[in-house]
Amino acid sequence: MPAPKKTIRRSLLVTSAALSSLALTAPAALAAPSPSTSPSATPPAKMSGVGGARLGQPGTQVDLGSGAPVLPKDITARSWIVSDAESGEVLAAHNAHWRLPPASTMKMLFADTVLPKFPKTEKHKVVPSDLAGMGVGSSMVGIKEGETYTVHDLWLGVFLRSGNDAVHVLSAMNDGVGNTVKEMNEHAEELQALDTNVVTPDGYDAPKQVSSAYDLTLFARSGLQKKDFREYCSTVRAKFPGETKKAKKGKNAGRTVRESFEIQNTNRLLSGDYDTPVYQGIAGVKNGNTTNAGATFTGVAERDGRVLLVTVMHPEKNDHNEVYKEAAKLLDWGFKAAGKATPVGALVAPKSAQASAQPGASGQAGGAGDPSGKPVASDAARGGSGGMGVALAIAGGVLVLLAAATFLVNRRWPLPDLVRRRTRP
């Protein structure tokens, strides 16, 4: 079945941007400034050109077409980016490749790296060494030594409460923090997230630990192709296992029982707050806040079949929930500007997707349905016209290149269904 003209046009546009970015990747990486734990308020004059040359320029990058609304004027974040999750088109950006401390948004990369490794039902009894080395003042979900947790419990702790204790337990299961950091850095390189340097798996402030709004968006986009990732990041509240104790009263008095308590997602666009309503169509993904990073946030939302990603890093304004307020304003703008604003860059595909798109390759790079959890570059066999996209079915060598640049557009990515099904606060 021929692809709609709109899909082909968008695919060609993203392909052009992505291919041009490849020539810029190597020199931009060499020219990138050294990571800084406490960045100045001034962006570097030269940043990475991955995704397009304009994304490496300091300041706001946007091309307003006919009928496109102007950007919100009260955005104070040091860095931000708004993009189409399906096509990868970057609608607007501000210092997109500025290497800044990421705080707990780094947990998106942690989850995208480690989540496929352990089944939900696997159990682990926590020992003291599992919780060693956590930073002072770390966010915790409340894991106790000597208690047993399922992998499912631990991921709820990571996504809902941003629990560094849950991250460290999962890292211990993954042959230790050192190995996990190594694998996260390798995965970041595979995703072409070249602004990122991982030092701690939980995002706790550490010398030379940095990422960028562009890279955090790549992590979210990759993670959201995994069903479990989508489910966890969109969960508003859940029961979490507590301590095992002897009940003092009730029908279980005198018996040993496992207590539980409720945890709620700290993403305020998802759970809401007194000054921050639940955002229409929100479906995740992750927030963070540390001394050096300030507030950081990457969100995904769907309206009328369009899915947008937004990342906001370190608003200068210190109002309560400011990072969510600015993210919501940028999402509002993005939904109004989509199809009107001319893209200023593109979210690049993983290296594996590009490698598989070389002549003679099958056009696939693994997928969310694969045991590896890696994304699929082309999935024409599945067909379908709803959800996140329509499979391209045009024969010819150009499809091979399109697959690399628009690996996500050819997937059925059921975020709209996820939004409808998730529990509302």
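These legends go with close-up views of a predicted model.

**View 1. Helices H2 and H3 pack against each other.** Here you're looking at H2 (residues 107-114) and H3 (residues 151-161), whose axes sit 11 Å apart at an angle of about 155°. Angles over 145 degrees count as roughly antiparallel, so that's the label H2 gets relative to H3. The crossing of this helix pair is left-handed.

**View 2. Side by side, residues of H2 meet residues of H3.** From H2 come Lys 107, Phe 110, Ala 111 and Val 114, and from H3 come Trp 155, Val 158 and Phe 159. Sort them by class and you get 6 nonpolar, no polar and 1 charged residues.

**View 3. Phe 110 and Trp 155 make a tilted ring pair.** A search of the whole structure turns up 7 aromatic pairs. In this one, the ring centres are 5.4 Å apart and the planes meet at 45°, so it counts as tilted. Phe 110 belongs to H2 and Trp 155 to H3, so the pair ties together parts 45 residues apart in sequence. Phe 110 is buried, at 0% relative accessibility, and so is Trp 155, at 1%.

**View 4. Phe 159 and Phe 229 pair edge-to-face.** Their centres are 5.2 Å apart, with 85° between the planes. Phe 159 is in H3 and Phe 229 is in helix H7 (residues 227-233), so this pair links parts of the chain 70 residues apart. Phe 159 counts as buried at 2% relative accessibility, and Phe 229 is buried too, at 0%.

**View 5. Ring pairs join up into a cluster.** Its members are Phe 110, Trp 155, Phe 159, Phe 229 and Tyr 232.

How values were computed:
Residues are numbered from 1 along each chain as its sequence is written. This is a predicted model: local features need pLDDT of at least 70, side-chain atom pairs count only at pLDDT 80 or more; totals for chains, interfaces and linings use all residues. Side-chain values use heavy atoms; hydrogens and water are left out. Axes are lines fitted to C-alpha atoms, for helices over the stretch in contact, and angles run from 0 to 180 degrees between N-to-C directions. Helices (H or I, at least four residues) and strands (E, at least two) are DSSP runs, numbered from the N terminus. Angles under 35 degrees count as roughly parallel, over 145 as roughly antiparallel, 65 to 115 as roughly perpendicular and the rest as oblique. A crossing is left-handed if the near helix is turned anticlockwise from the far one by less than a right angle, and right-handed if clockwise. Contact means heavy atoms within 4.5 Å. Ala, Val, Leu, Ile, Met, Phe, Trp, Tyr, Cys and Pro count as nonpolar, Asp, Glu, Lys and Arg as charged, and the others, Gly among them, as polar. Rings of Phe, Tyr and Trp (its six-membered ring) pair if their centres lie within 6.5 Å; planes under 30 degrees apart count as stacked, over 60 as edge-to-face and the rest as tilted. Buried means under 20% relative accessible area, exposed over 50%, partly exposed in between (1.4 Å probe, protein chains only).
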